[in-house]
Amino acid sequence: MEMPDRSPDRPIVRIPFGIPAAGADRAREPRRARNRSAVLGPRMSSLDIKKGALIQHFEKGLCRFDRWKAFNVMVFESVAGGDQIKLPEHKFCELHALRKIHQVEQDADGNPIEMREFGPDECWTDSEDPKQAKLTSEGRKALARQFYTKKWDEEGNGSLGNVGLQKLIDRWRPVAFQLGYETNEIEDGEIEPFRVKVARLRHFAKHRGRPGARPLEAFRSNRGKNSTRRLRDEVENEIVKVIDYYYGARGRDYNDAYGELREAIKKLNEKLPEEKRFKYPRPEVLRRRIDKAMTFDNLARKTSRSEAWRKIHGHREHITAERPLELAIIDTTPLDVHCLDSKKLLGLGRPYLTVCVDVYSRMLLGYFITFEPPSLYSVLATLKRVNRHKGYVQKLYPQIKRPWDGWGCPTEILLDRDWAHQSPSFQHSMTNLGTDVHYAPADTPQYKAICERLFQTINTRLIHKLAGAVRYNVYVMRQVGLDPAKDALITLEDLNELLHEFIDDYIYDKHDGLDAVPARIWQEGLVIQRRRWIKDVGALDHVLGRVDTATISGNGIKFRNMRWHDESLTSLLLNDLVRYETKRSQDPRTFGQSRARVIVKWNPADASSISVWNRGGEPNPYWVTMPNVKAEALKGLTFWHLDRIREFAEEQDLEFSPEEDRWEAFNRLRNHWETLAGQMPMRETRQARRGLAWELGQFDDNTVNEPIAITLDDIKDVEVEASTAGLNKAEPEGVPDQLAAELLDRDNTPNKGRTPSKATVAKGQRTKARKKAAKEQAEHEAYVKERRGDPTGDPHARGTPLGVDDDSDEGWAETVEAPITASTEQPDDEFANDEGW
């Protein structure tokens, strides 16, 4: 037995069995042993591939096999030119299994042949049922051509002359009739039955593969498969240019392209006589040509590469998970409905819905409704609900009987790559809580197709069926007279109830993507993988938020027009924080209420609570969650929502009692007590003020203590000598011994706040002196300018005489003689012809 040849370049090695090789009795060198094992060892190639075989590579294109190298390395030459391509045999087999490499059929001259595969029912009809299957006309003709060509190959590449080929056809025609490849049936439009001709057989033998490789697809007829060209070559060239013009810009449409074509043909016809001018093709012809030219490259030129990728490129497999809570998607969308407040019936607009979906089971883990744009705060509020048990559902909505068991701590969450969602502190905080944060690629909604499909289901099943729903675009709704904002009859509480009923229907209904019920997949997954849960749900309150300062007292914290209070928590915070405050900031009375400055962190998407930093906590500082006193805020409303309710209430109050009327009544009261208080001496004025408060309560005639009537005649003005020690007695005539505040010198007014230091006082005095000197200098310069009358506006100019009483004295700025070019006296007539000013 002899070894076959490995390649034409290698020497032939023949080793007969049973005969020891020369030198077998002596020890072999290791290097010679390795060389021999490379030739004869177990790594010998098993592929049957010949030199010159054409291979289509998924990256390198069309290649031709050249030779084998050591260690089963295959060398290919690129048909287009370039470097050699070297592939190990095992890599070649892997690429072939992945359909990234395939062999290309070629004719006898080594040229690739064009093959067109058979479509459904193009070769056989009813091919699944052998009894009903039959050949089509096209399939029968292709099989007949292949049959005669193979017989020519089997006879050893016989003669290609007319006589030899005709003898071959006559010899094998009975067999072709027996196989059903040729019949006596005459097809429609033909005058004789189909027969394989000598000339066609010669063409098939030369150009339809080569001996041993005659695929059936190569024998298909292209007759009638190519469109006939009915236009002149010049018009065809212009059509190619117009197609390029159409795909060159986004805004160009079919009409623009057809107009460009007509303009080009019109220019061609200007140089031709009447009888040789080209006709304009129909618009439908150009439209079909444009549609056929829609490739990825052309579409990318007209729109953008990302849009072309979405339209033409195949979709990737969406993300998957192997167990519950392994991966959850959080996404936000505006709901197509307008809402009202449940109590004030205030129009709140279109809400935003943020949902969290488990990828493994499609179980809804939580949702959150807000009227603010998407942000990390709404994500955080949703995560709070995701980590909480849903036992409240049966209590709030008794009509829902089945449990909603979707809760737990996700291992990973996927968010939009939005600037509002990217926060390093949020990622680190969530990682510490056991949840990793990932972001989807930008502008790829298909990456989160699970959530996008859920939003569509919510809209079609629920939202679009409600009053106030935005079912169509703005233009259509205006045409039909729909105004969702006016028709908004759904309140926020009703919307929450409907969403809970939708969730009950969704998680217990068969899911098309899973082909199963999400609730069942969720329960079965929890049997294998236990539920992860967060150690402290309250830790989510302090992960993210806006930081502000506020003051806490016994009544709680007043912040953003709301009060945050809990008796035990307020007492705890005051006990820990008051000792760090300055004595000056506290009430000096022993029974006075204590207060302290605190740092608060609040989530704009959740007004139910705020976080207060207890810097005096033991053993270490920690955050304390302070609830909102308002009952409305406990329902999960946002700060924006509560602000709108407060503004709406203020508007309602103004409508009931306009602001102008309020100020008018206040000014009447102010003028009244100012009149009473301003007509009396100091001491009696204070008594009158105290009596005024008592008198305002007496609106009937049954007064117990009649007020004393005081007139102007009862007021006496008495002077008394000043006392340096304050020990002299005032006359018992009601002379005031206190000086009115408005009579005090302003410099004696006590400073507000802390007493300034000596350096501060000195600096203030220097500033006042500097400003006073600057003011005096400015006044002096203005005076000099006014007296001189210099039109240039320069107060330091010395060319203008000053007017003084004594004409004999020369002023520091006057000139003895007037300029030659100017008159020393001003003319009385403003229209005088004298020169000068």
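Helix 16 (residues 492-507) contributes the most to the lining of the second largest cavity, giving four residues, and this cavity has a volume of about 50 Å³. The model is a predicted one, in which local features need pLDDT of at least 70 and side-chain atom pairs count only at pLDDT 80 or more, while totals for chains, interfaces and linings use all residues. Residues are numbered from 1 along each chain as its sequence is written, and side-chain values use heavy atoms, with hydrogens and water left out.

**Cavities**

- A search of the whole structure finds four cavities of 30 Å³ or more, where a cavity is a set of points, on a 1 Å grid over the protein atoms alone, at which a 1.4 Å probe fits but cannot get out, and where lining residues have an atom within 4 Å of a point.
- The second largest cavity is lined by Val393, Ile400, Arg402, Pro403, Trp404, His500, Ile503, Asp504, Ile507 and Tyr508, which divide into seven nonpolar, one polar and two charged residues.
- The largest cavity has a volume of about 70 Å³, a volume being the space filled by probe spheres set on the grid points.
- Eleven residues line the largest cavity, and Lys384, Asp541, Asn603, Ser609 and Ser611 lie nearest its centre.
- Helix 11 (376-386), strand 19 (596-603) and strand 20 (606-614) are the elements that give two or more residues to the lining of the largest cavity, with strand 20 giving the most, four residues.
- By class, the lining of the largest cavity comprises four nonpolar, three polar and four charged residues.

- Three strands form an open sheet with the order 10-9-15 and mixed pairing, where strands are DSSP runs (E, at least two residues), helices are runs of H or I of at least four residues, and two strands pair if DSSP finds at least two bridges between them.
- Strand 10 (347-349) and strand 15 (490-491) are the edge strands, each pairing on one side only.
- Strand 9 (residues 339-340) pairs with strand 10 in the antiparallel sense over two bridges, and within this pairing Cys339 has Gly349 in strand 10 as its bridge partner.

**Cysteines**

- The search of the whole structure finds zero disulfides, a disulfide being a pair of cysteine sulfur atoms within 2.5 Å.
- Cys356 counts as buried because its relative accessibility is 0%, buried meaning under 20%, exposed over 50% and partly exposed in between (relative accessible area, 1.4 Å probe, protein chains only).
- The closest cysteine sulfur to that of Cys356 is in Cys451, at 7.8 Å, which is too far for a bond.
- Cys93 counts as partly exposed because its relative accessibility is 33%.

Definitions and conventions: On a 1 Å grid over the protein atoms alone, a cavity is a set of points where a 1.4 Å probe fits but cannot get out, and a pocket is an open set with protein on both sides within 12 Å along at least five of seven lines; lining residues have an atom within 4 Å of a point. Ala, Val, Leu, Ile, Met, Phe, Trp, Tyr, Cys and Pro count as nonpolar, Asp, Glu, Lys and Arg as charged, and the others, Gly among them, as polar.
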